Amino acid sequence: MKNPIRILVLLLAGAIALPAAPDKWKASIDKFTAADAAKPPPKGAILFAGSSSIVKWTTLAADFPGKVVLNRGFGGSELSDLLHYADRIVLPYAPARIVIYGGENDLQQGQTPAAVHATFRALCEKVHAALPEARIGFISLKPSPSRAKILPSVLEANRLIAAECARDPRRTFIDIYPLMLGPDGQPRAELFVQDMLHLNPAGYAVWRPLVARFVE
């Protein structure tokens, strides 16, 4: 990782969250690496990584025709978990572009927007230290109706990460948040499944054009 001393300082200061239970996802990560060993994915693909919003995006191949896409989401994970496992499910693929959705679960578990921002920055530095040409696209945290209490934190985390992306042309902030609000400024319930947390096909249809601009 680039500048490991600075990252260690951030960890000690609590600015970056360590995974609460890094072994919680070991079985999921082991399945990915076993599949990779049996059939190695091609280098230079488009990698989608993050939490359940990535896991449940099951139409990636159809939504981005002509692109080689890999889905390495693991549901319920935090952005800090992706940072922890990047050596196994990000770097080995040498992807040309990486699309990330993560951080919402971190906020729900009590992490601050500053901590989510710092984790994203550490993840970018880790990726670019190994893959300096890789492009990273961060899908902004969404306005989930079931998590109305954390929406102020969601907005602040989005603001910090957007500013972070603006500092480096290899990073892109994909802002889906405003498109998921109705004329009244409230989250559009019709974009979510019954739990009001996960997206339905209409929700992914909102995401797809913005993500396609980055993927293309």
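**Helix packing and the sheet**

Modeller: The crossing of α5 and α7 is left-handed, a term used when the near helix is turned anticlockwise from the far one by less than a right angle, with right-handed meaning clockwise; helices (H or I, at least four residues) and strands (E, at least two) are DSSP runs numbered from the N terminus. The model is a predicted one, in which local features need pLDDT of at least 70 and side-chain atom pairs count only at pLDDT 80 or more, while totals for chains, interfaces and linings use all residues. Residues are numbered from 1 along each chain as its sequence is written, and side-chain values use heavy atoms, with hydrogens and water left out.

The axes of α5 and α7 lie 9 Å apart at an angle of about 15 degrees, where axes are lines fitted to C-alpha atoms, for helices over the stretch in contact, and angles run from 0 to 180 degrees between N-to-C directions. The two helices α5 and α7 are therefore roughly parallel to each other (under 35 degrees; over 145 is roughly antiparallel, 65 to 115 roughly perpendicular and the rest oblique). On the α5 side, L79, S80, L82, L83, H84, A86 and D87 take part, and they meet V116, T119, F120, A122, L123 and K126 of α7, contact being heavy atoms within 4.5 Å. By class, this contact of α5 with α7 holds eight nonpolar, three polar and two charged residues (Ala, Val, Leu, Ile, Met, Phe, Trp, Tyr, Cys and Pro are nonpolar, Asp, Glu, Lys and Arg charged, the others, Gly among them, polar).

Helix α5 (residues 79-89) also packs with helix α2 (residues 26-38), at an angle of about 20 degrees and with the axes 11 Å apart; α2 and α5 are therefore roughly parallel as well, but α2 passes α5 in a right-handed crossing. Here K26, I29, D30, F32 and T33 of α2 are in contact with Y85, R88 and I89 of α5, a set made up of four nonpolar, one polar and three charged residues.

Within β4, G137 stands opposite V99 and has T172 of β5 as a bridge partner, while I136 is bridged to R171 in β5. Four of the five residues of β4 are buried, so this strand is largely enclosed by the rest of the structure (buried is under 20% relative accessible area, exposed over 50%, partly exposed in between, with a 1.4 Å probe and protein chains only).

Beyond the sheet, Y177 sits in the loop between β5 and α9 (201-215) and is buried, with a relative accessible area of 9%. Leaving aside residues up to four places away in sequence, Y177 touches S140, L141, K142, P143, L151, V154, L155 and N158. Y177 and V206 are 29 residues apart in sequence, with 10.0 Å between their C-alpha atoms.

Terms used:
Pairing = 2+ DSSP bridges.
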